[in-house]
Amino acid sequence: MQVQRWTRTSRWFGAAFCVLVVVLAFVPLVFDPDIVQKLTTLLILVLLAVMWNALAGYGGLLSVGQQAFIGIGAYGTVFFAGQGISPYPAMLLATVLAGAISLPISLFALRLRAAQFAIGMWVIAEVISIVVRLDQNLGAGTGISLIQLNQYEPNFRQAYTFWLALAFTVIFLAALFFLLRSPLGASLRAIRDDEDAARSLGVRVAARKRLLFVLAGLGCGAAGVLIVANTLFIEPTSIFSVQWSAYMIFMVLVGGLGTFEGPILGAILLFAIQTTFTQGGPWYLVGLGATAALFALLLPRGLWGVVEERLGLQLIAVGFRVVEKKPDA
Amino acid sequence: MEAAVLAAVDVRKRFGALAVLDGVNLSLHGGEVVGVVGPNGAGKTTLLNVLSGSLTPDSGSITLRDRDITRKSAAERCKLGVARTHQVPRPFVGMTVFENVLVAATAGGGKRGADAYELCVRVLEQCGLAHLANRRAEGLGLLQRKRLELARALAVEPAVLLLDEIGGGLTDAESAALVEMVAGLRDRGIAVLWIEHIVHVLMQVVGRLVCMDAGRVIAEGPPSTVVAQAAVIDAYLGGKA
Ligand SMILES: Nc1ncnc2c1ncn2[C@@H]1O[C@H](COP(=O)(O)OP(=O)(O)OP(=O)(O)O)[C@@H](O)[C@H]1O
Ligand SMILES: [Mg+2]
């Protein structure tokens, strides 16, 4: 008897993923800045979807307030850059800031249950947004530019931002992957399936949820950083908008809640929709909402859930297989 | 007599107006199997929930080796060696049978790596689930789910094992095997509390029988004496006939 973690499929997929990352790294050298900017947006969506899924899919924490951390990341960047720190280090600091702030927030928010938590997070996001609006140095209600990025030539700037987006996405995907693979991973998947049963088998549910909450705080902060680097201008209404939560919910529910691959699929789908249809407008959001709701009702494990079930496809080596003495590959 | 491993002292629990546990005293010793019987709604599962930490009692206390654990969470109690099964099985449906058991071995039992794997495989073999190790728990039938409950509890390597109706629906041969397994655990010094409606199965292994009715212990003692008592026959055995 032996326990196997990597399968032939997951090895191939792991290799393919590494190749893809290397290929993506060359994108800014080949393509026009506007395409690079679009792809940066895609990476941001992937990052957001993966983080929301870490929270909701594994921790059962359905937050509609992750825009709090997006906003902290974005405004944190502007703030630190305004303090004379050069823009890219300022971005790293702002990401850490979002993660650091998520810790005290978790002390309060994780006491709340289900719907209370969802709404509580929204309230927290609104409060932070109001605080930002009160600060004249951050442009108050009218918004502010990350002027410090103008020191770089536009082509280079867009390339740097893309590389940063790629790095953040890979880092956070890897963090979640290694977390799920680690001895804690089985516990996290157990919490996803049945929190109370996990507790009665010795899983420290509260501590694990806090871990996911901070990870998602960092990740959404990183996304906020990338948004301001990609658009160079932010204002509180849009960066703290609940619309971000709507996007995250859509991507994760459609792609596959509680699966590793699903949210990435969902992000690509939303990106395709956003580039095909004109964005914004109430009907656009209604359409996204209705689709997400339909998926939640009819396909609770999303598109990827179907793929997994039909094809038995397991791309990510986070599981365990018991095999007779000799493993096949 | 040697001190109890797990004990409940004057435990009370209400759900609204209903007193589901109405001053229950119970003690469990290492190396003994205590059977719990009683009609539906007597409070047996609630007692188990209070012992395992899934519910906190309104008053009274739970002690583990003379240490008060009334305020300890279910997870902490599990790490201290109190494992349970659920009457209505609660498998982790998105995980394989092996992974289900692995959660118990790592989180509850504190095992890592190869040690944990070996333990899980051993437990799965013991519970007759080895051939389903790689199957997603979602696809298991009720009997297999009950076995999985047992396997997970065993993978904690508990000092105290709380079983809630794991013997229903078994063939004679299967229940004989289950009785033998429980006897084996007892002989290794584990304290077992076993809630079961099928009294004749319990009688084969328990050293002590507790009969509950309406949140109280109405009879307790050697199994043959307890089943002969008028109150038990009225409350439970008579009700079934
Ligand atoms: N969470 C709850 N909320 C409200 N009432 C509850 C709850 N859990 C149990 N009860 C009630 O408490 C009483 C005792 O339930 P319990 O499950 O402990 O009985 P039991 O002896 O295990 O019965 P059974 O043999 O049917 O399993 C029942 O009347 C039940 O309806
Ligand atoms: Mg019961």
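In the classification used here, Ala, Val, Leu, Ile, Met, Phe, Trp, Tyr, Cys and Pro count as nonpolar, Asp, Glu, Lys and Arg as charged, and the others, Gly among them, as polar. On that basis, the shell around ligand 1 in this predicted model consists of seven polar, five nonpolar and two charged residues.

The shell itself comprises 14 residues, and the closest to ligand 1 are Asn40(B), Lys44(B), Thr45(B), Thr46(B) and Gln87(B). Within chain B, strand 2 (18-28) and helix 1 (44-52) are the elements that each supply two or more residues to this shell. Helix 1 of chain B provides the largest share, with three residues.

Several polar approaches to the ligand can be described at the level of atoms. A polar atom in the side chain of Thr45(B) is 2.7 Å from an oxygen atom of ligand 1. For Asn40(B), a side-chain N or O atom lies 2.8 Å from an oxygen atom of the ligand. Gly41(B) approaches through its backbone, where an N or O atom is 2.9 Å from a ligand oxygen atom. Ligand 1 taken alone exposes 640 Å², of which the protein buries 61%.

Attention now turns to chain A. Helix 13 of this chain covers residues 262-276, 15 residues in total, and its first and last C-alpha atoms are 21 Å apart, close to the 21 Å expected at 1.5 Å a residue. Its buried residues are Gly262(A), Pro263(A), Gly266(A), Ala267(A), Leu270(A), Phe271(A) and Gln274(A). These buried residues pack against four helices of chain A: helix 3 (33-58), helix 12 (243-255), helix 14 (282-298) and helix 15 (302-311).

Notes. Residues numbered from 1 in each chain as written. Chains lettered and ligands numbered in written order. Predicted model: local features only at pLDDT ≥ 70, side-chain atom pairs only at ≥ 80, totals over all residues. Heavy atoms only, no water. Expected span 1.5 Å × (residues − 1). Buried < 20%, exposed > 50% of the residue type's maximum accessible area, 1.4 Å probe, protein only. Contact = heavy atoms within 4.5 Å. Near = heavy atom within 4 Å. Polar contact = N/O pair within 3.5 Å; in protein donor to acceptor, adjacent residues only side chain to side chain. Areas by Shrake-Rupley, 256 points an atom, 1.4 Å probe, with all protein chains shown as cover.
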